[in-house]
Structures are given as C-alpha cells and as structure tokens.
Amino acid sequence: MITETSPQTEPEDEAESLADWPAIRGDFPILDQQVHGQPLIYFDNAATTQKPRPVLDALSHYYQTDNANVHRGIHELSNRATAGFEAARARAARFINAAQPDDIIFTRGTTEGVNLVAQTWGATHIREGDGILLTEMEHHSNIVPWQLLAERTGAKLMFLPVSGDVGLLDLNRLDEWLTRDVKLFAFTHISNSLGTINPVADFCARARKAGVTTLVDAAQSAGHRPLDVQEIGCDFLAFSGHKMCGPTGIGVLYGRQEVLADMPPYQGGGEMILNVDFQRSTWKPAPHRFEAGTPDISGAFGLHAAMDYLDKIGRHRIAEHDQELGAHAYARLSQLKGGIRLFGPHVGRAGLVSFLLKDVHAHDVVTVADQRGVALRGGHHCNQPLMHKLGVESTARASFYFYNTTEEIDRFVEVLREIQEFFGA
Amino acid sequence: MFDELGDLYQQVILDHCKHPRNFHEQGQATCSAQGHNPLCGDQLKLFLTMEGDVVKDASFVGSGCCISKASASLLTESIRGKTRTDVRQMFDRVHDLVMTGEVKGEVGKLAVFAGVHKFPARVKCAILAWHALLAALKGEGHPVTTENDET
Ligand SMILES: Cc1ncc(COP(=O)(O)O)c(C=O)c1O
C-alpha cells in the first residue's frame, strides 16, 4: 500500500525491497469493477492512466481545506494555496532534475506545452526558410503546432523517417538532417503507437553540436521511467499529468532558464504582468510570464501527489515492470496463429503493443474486446501521417501501466483468439 | 457467449463484411460520392447509375470495419430499383433504426442493423454509406464525413 506523503518529505526509492504490485494495484479503486459482466482489464494507459487514492485524496483535501486563488490574496487560505502550488512546481523540478523551480511552466498538458513553445519561442526564432525537424512518429500535438508556425513564418517542416513496421528512426543519418537551416529539432521520447524508446540524450547532443534547439515530447515517458533534463540536455521538455497518475488539465513544460528568459509572453492576462498601463504592460520573468489567468491549482496539488506516488514505487521499477509486460505481450501476440501484424521494435520496447489481426478491422477488435471487459484503443492514435506511411488506416493498441499484470495479458490474448474465431479469420 | 455481440454482428452482417456485394467501381456511373469517418479512418466511395429518377445500379469500393462494409454492401443491394423519394425514406428509417433499435416501416434485410444502437461508438460506421448515398444523389462534389453531422 502506498500512502500519502506530505509535500515536504520526498519519498526515497527503496532500492533493496521489491515493489508489492498487487498491493499497489489496490490503490486504484476504479480497477475493481466489472465491465459488461467481466472484470475490467484497463489497457488504454497510453491515452490516460488511472488515479491512485493518494491523488484523489489530495484533490479533495485541497478543495476541503485550502481552496483559494493563488498569488493574489494575502489571507491564510490564499497563502496555503500559493505555497502548495509553488511546492508542486518545486516538486516537478526535482521530478525531472531541472536546475530550478523557475524552469517549470504549468500548462494544460503536453499539447499546450508544444503550442506554447511554437507560439512564443517560435515567434522570435523562426523565420522564412528555416527548418523545423520532426520525426515521422510524432503525435499530432507535435506536428500541427509546427505546421501552424510554418504557415505563419514560411518555415519548412522536415521529418526524420521511420523504418517500417519495426518503428525505428535512422540515427546514422540524423547528422545529415541537422543542417544549418534547421533551428529546432522536436521529437517524442516514447512513441505512443509503436512503443519505440528514442535515445533522446544522443539526439540532444547531436543537435547541440549543430546549434539546434531541442524539444522532447515526454508524454509517454514521464510516468514510466526516470527523467533527468540535465542529463538529456534538452532545451524544452513537455509532459501531461493525466498520463502519469495525475489529474487531467495539468501538465508541465520545462524550459532551460536561458531559453525562457528572452521568450515573449504566451497569453495575456492576470498573474503574468508586473505593471499594466492602458497602452502597454511589462511582464514578470519566467515561469509566471507564461501562466496568465487562474491556473489549475487543484491539478497542481494532484500532480504533486502523483509524482510522490510514482517515486515512492520507484520509476526505475515501473520502467522494468513496463518492459516485462511489453515483452510478455509481444511474445504472446507473435505466437498467435491466424495472422497478426505487430508494430514497433522487437526488443527494448515500451509497455504497449500496436497490432492488426488479419482480416479483422481494429474497431471490430476493440468493440469485441470491450464486451470481454478489455479496454483497448483502435484508430490512428493521433499518428495519422505515420499510419499512412505504414500503409494502414488504423491499428488496435494495448498499453500497460504498473498496475497491469501478465495474467491480464494472457486473458487479453485469449480474447483475441475468440475474436479471430468469431470473424472467421 | 457473445450475446450482445451477436446483436451487433448478425450473421448477415458477418457474411456481407467478409463477402461484400457490388464491391467494384463503375466507369459509367451517373454519380458518386465519398464517405469518410475520420475517427476510424473508414473510407468508402459509392457509385450510382441512375435511370431518370430510379437507381438502376449501385456499387462501392473502400476499406473500413465490418459494420461499415456490411452496411455499404447491403445498401447497394437494397436501393436498386428505388426512386429518389424511396431512398430518402430508407435513409430516415435506417437512421432511426441505428439510433433507437426500433424498426419503423419496411426496411427488409436492413433490420439486421437494429443492434447497432446498443454500441453508440459504432453508429457512425453503420450510417456512413447512407450519408455518402445522399451526397451522391445531391451531386455533392466534396467527400462527406461523419463529423459534420450528429451521426
Ligand atoms: C506521444 C504523445 N504526445 C503528446 C500527447 C498529447 O498529450 P495531451 O493530450 O495530454 O496534451 C500524447 C497523448 O495522447 C502522446 O501520446
């Protein structure tokens, strides 16, 4: 059982002891239910994860005892809310080993983080003819904001190719892509549809050598493995609270202070100003310059509890467990007779598997699996260009988290067999 | 086993999805329209050969899930010899059927889609071909998508 920790005490990884996975699963009340008369098997964790009790408690505790607006009041509740909000910022800085809390901007999630960089940093650093290098495995949220920026500025988008179904990037040719025209290299840490884990520190080192600014999409990695932005050496890194046991509506954009310092504001409003006259205003320094209006305060409290919770388990343990589940699923699925196409690398994959059954559409797989209590995702996973490149419209995907078990995977494979039989494939 | 699913994937539907009828292009078609379901990537193109006010021939091509394929296949069979007014009425009946599960008026074989209403996420799959049909009759050039409409 993982119990709540107070914001001040940082939980230490208990390196010696083993994680008690069944007890940890017990922290997630939602998992204990039947769906269509069958025990729920939640395999849609890449879309959003479930929330443990300490996170739910932190949310209701905040609203029951501390709720007030931040940075405005001088009364007790406002002081508490502000202290808690800023404590969450400091906690997020420690979570990814940022140099200081001021490197942490609270956002709605990964999508807003990328859009913020595109609109502010992009406005002052990207000109006509500049190159923005992405990869073919990016989520729409790391493509469309750059398309909008390219439309405004006349910059051009380039895509590092993915090597077919195994879903690896061609790293030998990366240096050729990092030409003098390229101003930004933005890439995902873990692919949400392929399960590829990219060597992001290597990417950043090569980009730095070429004088290229870097942004890491850590949506799928932040809750799944230790993250150290200084070791990675990125300029920006974005992630979402809801994919790592936290509530929806809160996320983090990390920016190196030197890079944040000369970026123009994102939105205008309260909280972000030093002084406002009728004609012009002056801005606060980062991160407050980028946080106009009342933020998601309860979300920050919830995210704080989520980060404590994950570190209490130990993110290295979560990463190991992910790999075990991912490898087990991949092995079991590749043994499935009757035709299955698997996407993503054979080894060193994240805890998710995308697949297609021969002659059965992904949506039919998801509908039937749902009737068996298994929650999967079917579709393009916000990776439409990648799907087109692989010559498919959609795939089915099972994505795991630390509360999932190999028994659940075995049951899921059994359901897939039934599906093959049902559709006569 | 598979009780609810049996309602959705009726034998007729499974049969039409595995062996779609009238599954080809028509060089001589009087009109055609594309249907696209951005959610699942379902994509189909419907071809009609009209003789005056009457549908003389109908066919389709494309890719999609079992429900959307079977729906397009059964559509091409059921609209032959029907007038524009008949077709419009059939659309309304099928629409009601997949939304409520209730059969109002003569729908023939299309009654097999009654089970779809229990699977809200799949209503769009069942109705896609029918939207393409209306678009083809109206002679609309641009593809119809399931996102422009309540269903
Ligand atoms: C790799 C990746 N990037 C970005 C996102 C977008 O995250 P959010 O919707 O929380 O902003 C997702 C989630 O769907 C993702 O998987």
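Analyst: Helix α13 (residues 362-371) of chain A packs against helix α15 (residues 406-422) of chain A at an angle of about 120 degrees, and their axes are 10 Å apart. Axes are lines fitted to C-alpha atoms, for helices over the stretch in contact, and angles run from 0 to 180 degrees between N-to-C directions. Helices (H or I, at least four residues) and strands (E, at least two) are DSSP runs, numbered from the N terminus.

User: How are α13(A) and α15(A) oriented to each other, oblique or parallel?

Analyst: α13(A) and α15(A) are oblique to each other. Angles under 35 degrees count as roughly parallel, over 145 as roughly antiparallel, 65 to 115 as roughly perpendicular and the rest as oblique. The crossing of α13(A) and α15(A) is right-handed. A crossing is right-handed if the near helix is turned clockwise from the far one by less than a right angle, and left-handed if anticlockwise.

User: Before we go on, what kind of model is this?

Analyst: The model is predicted: local features need pLDDT of at least 70 and side-chain atom pairs count only at pLDDT 80 or more, while totals for chains, interfaces and linings use all residues. Residues are numbered from 1 along each chain as its sequence is written, chains are lettered from A and ligands numbered from 1 in the order in which they are written, and side-chain values use heavy atoms, with hydrogens and water left out.

User: At what angle do α3 and α11 of chain A cross?

Analyst: The axes of α3 (residues 76-95) and α11 (residues 297-313) of chain A cross at roughly 40 degrees and come within 9 Å. α3(A) is therefore oblique to α11(A), and their crossing is left-handed.

User: What is phi of Cys245(A)?

Analyst: Phi of Cys245(A) is near 80 degrees, a positive value in a residue other than glycine. Cys245(A) is in the loop between β9 (236-240) and β10 (251-255) of chain A.
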